[in-house]
Amino acid sequence: MLLRRAEFHTFSADGAPHVYLIPSAAVFRLDGASAAVLDTLAGEDLAPSVLVDRLADRFPRPLVQETVDELLAAQAIRTVAEPRPAPVADGARAGGVGTAGPRKRIPLTTLVLNVTSKCNLSCKYCYEYGEDRISEPATKPRFMSEETARQSVDFMLAESGNQKAVHLTFFGGETLLNFKVLQYALRYAKEKAGELGKTVDASLTTNATLLREEIIDWMVAENVGVTVSMDGAPEQQDKLRVFANGAGSYDVVIPRVKELLRRHTRRPIGARVTLTKDNLRVREIYRHLKEEIGFWEVGFAPVTTKWQRDYAIADEGFETMLGEFQLLAQEYLETSLQGRHHGFSNVRDTLEEIHKGVAKAYPCGAGLGLLGVATDGDVALCHRFAGSDSHKLGTVTGGIDHDLQDDYLRKHHIDNKTDCRTCWARSLCAGGCYHEAHTRYGSTEQPNLHYCDWIRRWSATCLEVYATLAARRPEFLRQFDA
């Protein structure tokens, strides 16, 4: 039997060598013996006895053998006769779909209702209205009816299986344009869930222009989670997030946001920022939204669009964005080591995935534990595909076409993405967002190759933050145990 190094990524954090094990998604700090074993196996397969002999002048033989056993158990090394371990999807831990086909049905945990496809803003980069919009039949209603909302809730509860808690998320267009349906749907959902011994957690995304006392009262009373789509200070917000007449939205939004933050203290309120070519001052935006306005956390996402658009982020833009992210991640680390809260949600979300050992076969829960519903009740992969017939998986009245769903998941498994097979970050990325791939490459099956280097370098930064926190302030990571 020969020993061989398995797939892993090496990095340094807190002055010590570490490895990120790709198949198992585990992170290990290496002691001297472990590092020596892995170095000795670099580029050469060795029998255990030979490996022990080579290191006998540096470490006691029993220690080397014990280290080998530990590294085998951790999948940092393997025997040559063993097949390469396949990545395990986070969903597959509960029974997902791999290249071999379905194992068992994954219960629905999150349903996103696109309650309207209309919006009172005309944001210049919006995929809902721009040329990048996935075609939607003209017959689809612009607003979801109470009947469709009720049917959607029934569908959600039926598909949730034995899940005791389900998540109902409202989306748009501008979600609050259909406020009455939001009220009806949540009231009905809580009533029906209670009869089944389940609970419903509700959240929504809004541009905040329509917030008023009645709506905030409802959010507080129903404990609704809120994410505000906002791009920063006036010079950022008013450039692309505008009304139909071209007027900026900052002065309309800010007093409403401040009132929401003042009154809705039951749940943390976050801001979601869309980054474009000319809006990459991430730290500046973060400080304005977090420290001056008062959001609990701020998350950033590059604009989803074709590369030809004048606001699309190009190579040099990704480099700028990465540098800003890395500096803000360092602030996150320093703040967390001091026991204080930092609101950079991008690094927090990745830390949680690392801590939980998530090894993705799919980039997200779309088509698995998360589904999106269009205004007419068609069920799609997620909210971004709601209304697209070519990405439809069923209806809220007729249920899911499981053969179609299984076929989709087979085709989109990470093992079928040739470009991803040798990437060390694939367990954290799995090829990237389906909607981004569809917009950029015309197919959801394509990995987002324009992000590859960015993702690897950002993942490396998050691993360094995680390992440093694990060494210096391990109690910080307990928040991710739930």
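In what follows, Asp, Glu, Lys and Arg count as charged, the nonpolar class is Ala, Val, Leu, Ile, Met, Phe, Trp, Tyr, Cys and Pro, and the others, Gly among them, are polar. Keep in mind that the structure above is a predicted model.

Let's begin with a pocket. Sorted into those classes, the lining of the second largest pocket has 6 charged, 5 polar and 4 nonpolar residues. The lining comprises 15 residues, and those nearest the centre of the pocket are Trp296, Glu297, His341, Arg348 and Gln479. The space inside comes to about 350 Å³. Which helices each supply at least two residues of this lining? They are helix 10, spanning 315-337, and helix 11, spanning 345-355. Helix 11 gives the largest share, with 3 residues.

Two packed helices are described by the angle between their axes and the distance between the axes. For helix 10 and helix 15 (residues 452-472), the angle is about 10° and the axes lie 10 Å apart. Angles under 35 degrees count as roughly parallel, so helix 10 is roughly parallel to helix 15. On the helix 10 side, the residues in contact include Phe318, Met321, Leu322 and Phe325, while helix 15 contributes Trp454, Trp458, Val465 and Leu469, among others. By class, this contact has 12 nonpolar, 4 polar and 3 charged residues.

Now turn to helix 5 (residues 179-195) and helix 6 (residues 213-222), which pack at an angle of about 15° with their axes 12 Å apart. Helix 5 and helix 6 are therefore roughly parallel to each other as well. Their crossing is left-handed. Phe179, Leu182, Gln183, Leu186 and Lys190 of helix 5 make the contact with Glu214, Ile215, Trp218 and Glu222 of helix 6. In class terms, that contact holds 5 nonpolar, 1 polar and 3 charged residues.

Finally, look at helix 2 (residues 48-55) and helix 3 (residues 61-73). Their axes come within 9 Å and cross at roughly 130°. That angle makes helix 2 oblique to helix 3. Is the crossing left-handed or right-handed? Helix 2 passes helix 3 in a right-handed crossing. Leu51, Val52, Asp53 and Leu55 of helix 2 meet Arg61, Val64, Gln65 and Val68 of helix 3 in this contact. Counted by class, the contact of helix 2 with helix 3 has 5 nonpolar, 1 polar and 2 charged residues.

Methods: Residues are numbered from 1 along each chain as its sequence is written. This is a predicted model: local features need pLDDT of at least 70, side-chain atom pairs count only at pLDDT 80 or more; totals for chains, interfaces and linings use all residues. Side-chain values use heavy atoms; hydrogens and water are left out. On a 1 Å grid over the protein atoms alone, a cavity is a set of points where a 1.4 Å probe fits but cannot get out, and a pocket is an open set with protein on both sides within 12 Å along at least five of seven lines; lining residues have an atom within 4 Å of a point. Grid points are joined across faces, edges and corners, and a volume is the space filled by probe spheres set on the points. Helices (H or I, at least four residues) and strands (E, at least two) are DSSP runs, numbered from the N terminus. Axes are lines fitted to C-alpha atoms, for helices over the stretch in contact, and angles run from 0 to 180 degrees between N-to-C directions. Angles under 35 degrees count as roughly parallel, over 145 as roughly antiparallel, 65 to 115 as roughly perpendicular and the rest as oblique. A crossing is left-handed if the near helix is turned anticlockwise from the far one by less than a right angle, and right-handed if clockwise. Contact means heavy atoms within 4.5 Å.
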